[in-house]
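Good morning. Please have a look at the chain on the screen, and I will go through a few places in it.

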Amino acid sequence: MERKIVGYHQDEKEDWVADLDCFHGQHVRHEPPFFNRPWSASEEGRASKIGEALNCVRCDELEFPEGLSEYKRTPTFTQNTIPKGLLHQHSTKAGTWGQIHVLSGRLMYTPEGQSSISVKQGETANIPPQMLHHVAAVSDVKFYVAFYRQE
Ligand SMILES: [Zn+2]
């Protein structure tokens, strides 16, 4: 999924890592001929790439980023009380991660362009910011969705 570069930091080896607006990082090494990014070696070069998009594989893999805090959660829904909006394609806003918590039963969670994920009792599933998705109750289910952002 395309994510915007919002800043940079250096890892323990002093390699440059771009901070993306999904809260994942991505190395932007200049290692020709494998990675041809001469811009990443200078401050001006890095600054010129702020706002540009990189493909974030960690979002596609639904990997929950570190350092986020929960700020809100939905009531507990059942198969009879799932809001209609959740059954159709929808997404969280920029900078907001969601996490589905299944308390009992089973829920199918389908991120756009990916295969459906079965989320069972006691399991969670991650929803990256702005990634279209929908859910469906398989049978009796109880779940809620918690929302996370960077403090
Ligand atoms: Zn990401």
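Is Gln130 buried, exposed or partly exposed? This is a predicted model, so keep that in mind throughout. Gln130 has 17 other C-beta atoms within 10 Å, and therefore it is partly exposed; a buried residue would need 20 or more, and an exposed one 12 or fewer. Gln130 sits in the loop between β9, residues 124–127, and β10, residues 133–149. Its phi is positive, about 65°, although Gln130 is not a glycine.

Next, Leu62. Here too phi is positive, about 60°, and Leu62 is not a glycine. The loop that holds Leu62 runs between α2 (57–60) and β5 (69–73). Leu62 counts as partly exposed because it has 18 C-beta neighbours inside 10 Å.

Now the loop between β3 (25–27) and α1 (43–48), where His30 is placed. His30 has 16 C-beta neighbours inside 10 Å, so it counts as partly exposed. Which residues does His30 contact, leaving aside its neighbours within four places in sequence? They are Phe35, Arg37, Pro38, Ser40 and Ala41. Between the C-alpha atoms of His30 and Arg46 there are 12 Å, and the two are 16 residues apart along the chain.

Pro33 is also in the loop between β3 and α1. The peptide bond joining Pro32 and Pro33 is cis, with omega about 5°.

Last, the overall layout. The domain assignment gives domain 1 as residues 2–60 and domain 2 as residues 69–149. Their C-alpha centres lie 30 Å apart.

Key. Residues numbered from 1 in each chain as written. Predicted model: local features only at pLDDT ≥ 70, side-chain atom pairs only at ≥ 80, totals over all residues. Helix = DSSP H or I, 4+ residues; strand = E, 2+ residues; numbered from the N terminus. Contact = placed C-beta atoms within 7 Å. Domains from an automatic or database assignment.
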